[in-house]
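Let's take a walk through this model, from the overall fold down to a few side chains. Have the structure open as you read.

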Amino acid sequence: MEGIYQVAIKSKQNKSKAEALVMNIGKGEPVGLLNFIETIEKYTKHNFEKEFVDAQQGDVTLTFADTNQLATYCDYLPKINLDQGVSLFIKWYENYYISKN
């Protein structure tokens with residue numbers, strides 16, 4: 001969420017440079033799927049049931065955000081890592097959705 005806010009502000013300031021570009025907002029470093037799931041489990045205090053299967057057609061082995069356009073057009077590089085980002089998102093989600101029910 002923080003990254004989206006910062007990019008919106010920076011791109012507005014540099015409108016002529018960033019107009020009509022689609023940019024990937026991420027940390028710019030790979031994160032393993034199990035690491036991602038374990039981080040979510042940590043902050044939700046819930047262990048998910050996992051079913052391990054062979055790779056499926058179309059699965060990718062490595063992917064991560066290319067942040068070059070963020071740096072070039074918005075003068076911004078993400079600062080929040082996976083642990084911080086998941087923690088902040090879970091807190092926001094619980095505050096916004098769960099506390100209202």
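A residue counts as buried under 20% relative accessible area, as exposed over 50%, and as partly exposed in between. With that scale in hand, Y93 comes out as partly exposed, since its relative accessible area is 37%. Keep in mind that this is a predicted model.

**The overall picture**

Zooming out, the protein chain has five helices and zero strands. Following the sequence, that reads as α-α-α-α-α. How much of the protein chain is buried? Buried residues account for 16% of its 101 residues.

Helix α5 covers residues 82–98. Its 17 residues reach 22 Å from the first C-alpha to the last, close to the 24 Å expected at 1.5 Å a residue. Which residues of α5 are buried? They are V86, S87 and I90. Looking down the axis of α5, these buried residues fall within an arc of 100°, so they line one face of the helix.

Now for the rings. Searching the whole structure turns up six aromatic pairs. One of them is W92 with Y96: the ring centres sit 5.4 Å apart and the planes meet at 10°, and because planes under 30 degrees apart count as stacked, this pair is stacked. W92 and Y96 are four residues apart in α5, which means they are separated by about one helical turn.

The rings of Y93 and Y97 have their centres 5.0 Å apart, but here the planes are at 35°, so the pair is tilted. Y93 and Y97 are also four residues apart in α5, again about one helical turn. Y97 is partly exposed too, with a relative accessibility of 39%. There is a simple bit of geometry behind such spacing: an α-helix has 3.6 residues a turn, so residues three or four places apart point the same way.

Here are the two pairs in one place:

| Pair | Centre distance | Plane angle | Class |
|---|---|---|---|
| W92 and Y96 | 5.4 Å | 10° | stacked |
| Y93 and Y97 | 5.0 Å | 35° | tilted |

Which residues make up the aromatic cluster? F89, W92, Y93, Y96 and Y97 form it together.

N81 is partly exposed, at 33% relative accessibility. How far is the C-alpha of N81 from that of E29? The two residues are 52 residues apart along the chain, and their C-alpha atoms are separated by 9.2 Å.

**Helix α3 and what follows**

Helix α3 spans residues 33–44. It has 12 residues and reaches 17 Å from first C-alpha to last, close to the 16 Å expected at 1.5 Å a residue. After α3 comes K45, with a positive phi near 55°. K45 has this positive phi although it is not a glycine. This lysine sits in the loop between α3 and α4, and K45 is exposed, with a relative accessible area of 75%.

**A pocket to finish on**

The second largest pocket has a volume of about 560 Å³. What lines it? There are 17 lining residues, and G32, L33, L34, V60 and T61 lie nearest the centre of the pocket. By residue type, the lining splits into 11 nonpolar, three polar and three charged residues.

How values were computed:
Residues are numbered from 1 along each chain as its sequence is written. This is a predicted model: local features need pLDDT of at least 70, side-chain atom pairs count only at pLDDT 80 or more; totals for chains, interfaces and linings use all residues. Side-chain values use heavy atoms; hydrogens and water are left out. On a 1 Å grid over the protein atoms alone, a cavity is a set of points where a 1.4 Å probe fits but cannot get out, and a pocket is an open set with protein on both sides within 12 Å along at least five of seven lines; lining residues have an atom within 4 Å of a point. Grid points are joined across faces, edges and corners, and a volume is the space filled by probe spheres set on the points. Ala, Val, Leu, Ile, Met, Phe, Trp, Tyr, Cys and Pro count as nonpolar, Asp, Glu, Lys and Arg as charged, and the others, Gly among them, as polar. Rings of Phe, Tyr and Trp (its six-membered ring) pair if their centres lie within 6.5 Å; planes under 30 degrees apart count as stacked, over 60 as edge-to-face and the rest as tilted. Helices (H or I, at least four residues) and strands (E, at least two) are DSSP runs, numbered from the N terminus. Buried means under 20% relative accessible area, exposed over 50%, partly exposed in between (1.4 Å probe, protein chains only). The expected span of a helix is 1.5 Å times one less than its number of residues. The arc is that of the directions from the helix axis to the C-beta atoms.
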